[in-house]
Each structure stands twice: as C-alpha cells, then as structure tokens.
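Here is a friendly briefing to read alongside the model.

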Amino acid sequence: MGVSRSSGTTDELGPDEDSGGGPPGRSADPGPAAGEGGIPGEPPGSELLAALLDGMDAALCAFDAAGTVTHWNREAERVLGWSAREAVGRSGFAGWAVRRADADEVRTRLMSAMDAPGRQVHEFALLRKDGGRVLVRTQSAGVRGADGKPAGVYCAFNEVHAQIDLERAIALSEALLEDATWGVVLLDVDLRPTVVNAYAARALGGARTALLGRPLGDLVVQGVEELEAALHHVLAEGAPTAPAELWVTLRTAEGERRRCWRSGFLRLASPLTEEPVPLGVGWLFRDVTADRLAEQEADRLRFRTSQLHRAARTASECEDPMEAATSLLDFALAGFADHVLVDLAAGERLVRTAATPFDAPGPCLPVSGGAVPARYGPGHPALQSVERTGSVRTSAGAGDAAQAWAAERRWPRDAAHALCSVLRSRGRTLGVLTFLRAANRSAFERTDAAYAETVAARVAGAVDLAQVTAGT
C-alpha cells in the first residue's frame, strides 16, 4: 500500500479546516507532476488502485509515517459517514473520528503496527459524522517503502457486530460440517456432493472424502429419483416450505439398508453477484427410520386388533362354526396376505378344506365338492409346521423361479412368500393355515407370525366346534 492518494478513494484537496495534515488545498503527497503518465497529478495506476479499494467489503484507511490519512475507501465512508474528501489529509483520527480523550491511545496503538511484524487486531470506539459512536474491530499492519523502511500503516476495520455476525456464520458452518446431529451435504449444480459432514457420511455408509464427487445413484439403490427430483426443484424454484420424508435403500458393505430421512433443502447462491447465481443445494437430513418403523408397527397393531375385534363379532353371529372360521380369515387377510389356505388333518394326511381363489382376490370359501387331499411332498412348509407344532416362514427367489417354486408347493402361481401356522385346540393338532403373499410385497416377519398364530388359535376353536357338532 503506497502512501500517495488515489482518484476516487482520495481527492485532490484535503479538508477545508486545518487538521494538522498540511495547509488547506495541498496534498500530503502531491505525487508525480503532470505529464509523467496517467492522470495529471496522480501516480500511474491510481484508477486501478481506487477501484480495488472501493470494491473491498471491509472499510480501509491508510496513514503515512507521520500519521496523516492517505487513503479512505467507500466502505469506510459508509461505516463512519466521513467522505474521502473530508478524511484524506487529516492527522490521525483526533477530534473527528475519535474523541480527543482517546485520540493519543488510538494513534499509538495504530501506528505501533508500523514497526511490528504481522498484523495487529484492536477494538476502538470511533465517531460517526453524525456524532454517534460505533465500535469497530481493526486489523492494522505496517507498510514498507521502496527502501525497506517503515512508510506508514494500513488499517482495515468493520463494525464489531458485523464482524461478530460473520464469525457466528463461520462458526455455524464449521459446527454443521463437523459436529451437527443432522446430516449436512452440500451438492453442486450437477447434484454431486462437494462437502459431507460426519453424520451424513455415517448415514450414507462411506468415508467423507470417498463420497465427494460421486453421483447419488452410486450410493442410493432405490429412492434416488425422488431425492434428485427434490434437489432439482430446489435449484429451479427454491427451498420447500416444510421438511420432506424420503424413503431410500442404501448400498452398503453389509448389504442393502432401507432408511427414512427427514430432509430439508436450501438453495445456495453466490453473495458476490448482483443476480443470484446458484452454487448448488444444501441438504440437511436426519435419520428417522426407527421412529417411522415404530409408528408403522403401532398403526399395524391397531389395525390388526380392530380387525380381530370385528372378526370376533361377525363370527359370533354365525350359526355354522366353519362359516365363522372362514369369516375370521376374511378379516385377517385385509392388509396381511393375498391368499389363505385351510388344510385340516385327516389321519396322516392333510386335506384342503377351504381357500381363497387361486386366480383372483376373493373371500375364503369351503372347497367346492368337498375336501380334497393336499398333495404335499416331503419337507413341505405345511408339513413342517405340523411336525414342529409352530409357524414356518419361507420365500421364493425372483423371476421364473418364483412361479416354479409356488407350483411345486401346490400354491397359487403368484405366491412368493408363505407363512404356515398350525391349528391347535384342546391339545390336538387340527390342521394348518397357510398365508401367501405375492412378490410385490415384503416377506413375512416375526411379528406377522405372532399375528398369524393369534388368528390360527381362533380359527382352530371354530374348526374344533364344527367337528364336535358334526360328530354329534
């Protein structure tokens, strides 16, 4: 930083009043004479220097070795209200930009930077032109001349609250990108991660650096279309008004995992341009899988309890116990399975007594023409259920193998998941219930087996009553 004044940042004349910076109408450093190049009376390159100084976000002023103000940019004028014409040429801040009682201390601390290495940071209370006071934080450093000797000091300053706001913003960014209990991912306009915090890296199943620049499709097996659609919407239209919950399936070293992420999105735009230029999207999310699964389980339990209650009331109105049994199964099927088969024990064999239609959805009805033997081969899940006196769960593979798997077991062709529960009443095995699901549904789980056993107990009671009634 030179000590000469520059066009647009300083002006040809100092202040009208005598401030110790030289006689009125004369510059502290007149610069080269006219004809030496550039603007007459101005050093070469002064227009560029003025533009650079006035374009700075920080307020900046400079002093020569005697403490005279030599430079004053537009941001300094905005903060304190004093123009470059009023500031340049004054001796220090005494009596105009700082109280006289504080002037000596401020001058000493500022000018000490001329001989000290590096930058010095201070906080001062300066005076605005309207008489108000403003607390500023300054960074000052010495300026060396061509001969290497101290030639002055430059001082950059900002209002303390603006500086604190900046520091808070930086601290917030660092905290979000390091220690936040939410996942934070910054993506560029091509939707590739550029910054990933520790939480997000754990959620996505990779190291923070390994995730950078990779397409989201490399990480998300299912649900990536919905996620990318949300990100594109943010880039085009801005952030949504409320968080969204996205279900995705991740590809990890341990296999595929299905997760639910409660997500919020922010469009990132450059603050350095007049027109907002999108830099990408900020994606904040939290894994709420456990909560959502718990809610789903609670909803499922409430629904199944309601169905069992309705089924019991309906069955109590049936005169025929077998009709009561099939009515129970009609209520149990809702939301639980696509097909149900009732195979009752007849000696050493199982006979098909009631079933839902094989080719289309429908109610559970007695087999037309009477019970027929169930031609189950050795190791069939229904036979295993009888042998174990418990439930058996099984599933097929994908594609054509599933159809062959179902046909081999004498089940409807669309069956891909099965759950067999034994019918027990008064210490006797009466048969087996088989619930079947198609391939577009999930496999049966332990909680499904518990529900099926509850249904089987009620159906077994109705079947036992039917057999006792038939025997009398």
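The pLDDT is the predictor's confidence in each residue, on a scale from 0 to 100. This is a predicted model, in which local features need pLDDT of at least 70 and side-chain atom pairs count only at pLDDT 80 or more, while totals for chains, interfaces and linings use all residues. Residues are numbered from 1 along each chain as its sequence is written, and side-chain values use heavy atoms, with hydrogens and water left out. The chain averages a pLDDT of 83, and 88% of the residues score at least 70.

**Confidence and overall make-up**

- Over residues 1–42 the pLDDT is below 50, yet beyond near neighbours in sequence this stretch has 91 contacts in the model; a contact means heavy atoms within 4.5 Å.
- The chain's secondary structure amounts to 13 helices and 18 strands, which are DSSP runs (helices H or I of at least four residues, strands E of at least two) numbered from the N terminus.
- Of the 472 residues in the chain, 41% are buried; buried means under 20% relative accessible area, exposed over 50%, and partly exposed in between (1.4 Å probe, protein chains only).
- The accessible surface of the chain comes to about 24,700 Å², with 53% of that belonging to carbon and sulfur atoms; such areas come from the Shrake-Rupley method with a 1.4 Å probe, and for residues only the protein chains shown count as cover.
- Taking contacts between residues at least 6 apart in sequence, 52% join residues at least 24 apart.

**The five-stranded sheet**

- An open sheet is formed by 5 strands in the order E2-E1-E5-E4-E3, with antiparallel pairing; two strands pair if DSSP finds at least two bridges between them.
- Strand E2 (69–72) and strand E3 (120–127) are at the edges with a single partner strand each, so one side of each has no neighbour in the sheet.
- On average, neighbouring strands of this sheet are turned by 30 degrees against each other, direction ignored; axes are lines fitted to C-alpha atoms, for helices over the stretch in contact, and angles run from 0 to 180 degrees between N-to-C directions.
- Strand E1 (residues 59–64) and strand E5 (residues 150–159) run antiparallel and are joined by 6 bridges, with Cys 61 opposite Cys 155 in E5.
- Helix H4 (residues 100–111) packs on the sheet, where E1, E3, strand E4 (133–144) and E5 are touched, and the direction of H4 makes about 150 degrees with that of E3.
- Helix H5 (residues 160–176) lies across E3, E4 and E5 and runs at about 75 degrees to E5.

**The six-stranded sheet**

- Another open sheet has 6 strands in the order E7-E6-E11-E10-E9-E8, again with antiparallel pairing.
- At its edges stand strand E7 (193–196) and strand E8 (220–222); each has a single partner strand, so one side of each is left without a neighbour in the sheet.
- Here neighbouring strands are turned by 40 degrees against each other on average, direction ignored.
- Strand E6 (residues 183–187) is joined to strand E11 (residues 278–287) by 5 bridges in an antiparallel arrangement, and Gly 183 stands opposite Phe 285 in E11.
- E6 also pairs with E7 in the antiparallel sense over 3 bridges, where Val 185 has Val 196 in E7 as its bridge partner.
- Strand E10 (residues 255–269) and E11 run antiparallel with 9 bridges between them, and Gly 264 stands opposite Leu 284 in E11.
- H9 lies across strand E9 (244–252), E10 and E11, running at about 110 degrees to E9.

**A closer look at Leu 186**

- Leu 186 sits in strand E6 and is partly exposed, with a relative accessible area of 23%.
- The C-alpha atoms of Leu 186 and Gly 280 are 7.1 Å apart, although 94 residues separate the two along the chain.
- Beyond its neighbours within four places in sequence, Leu 186 has contacts that include Arg 192, Val 195, Leu 268 and Val 281.

**Nonpolar cores**

- A nonpolar core is a set of buried Ala, Val, Leu, Ile, Met, Phe, Trp, Tyr and Cys residues joined through side-chain atoms within 4.5 Å.
- In the largest core, of 33 residues, those touching the most other members are Leu 329, Phe 336, Leu 423, Leu 433, Phe 435, Val 455 and Val 459.
- Elements supplying at least two residues each to this core include helix H9 (289–316), strand E18 (428–438) and helix H13 (446–471), and H13 gives the largest share, 9 residues.
- A second, separate core of 29 residues includes Ala 97, Val 106, Phe 124 and Cys 155.
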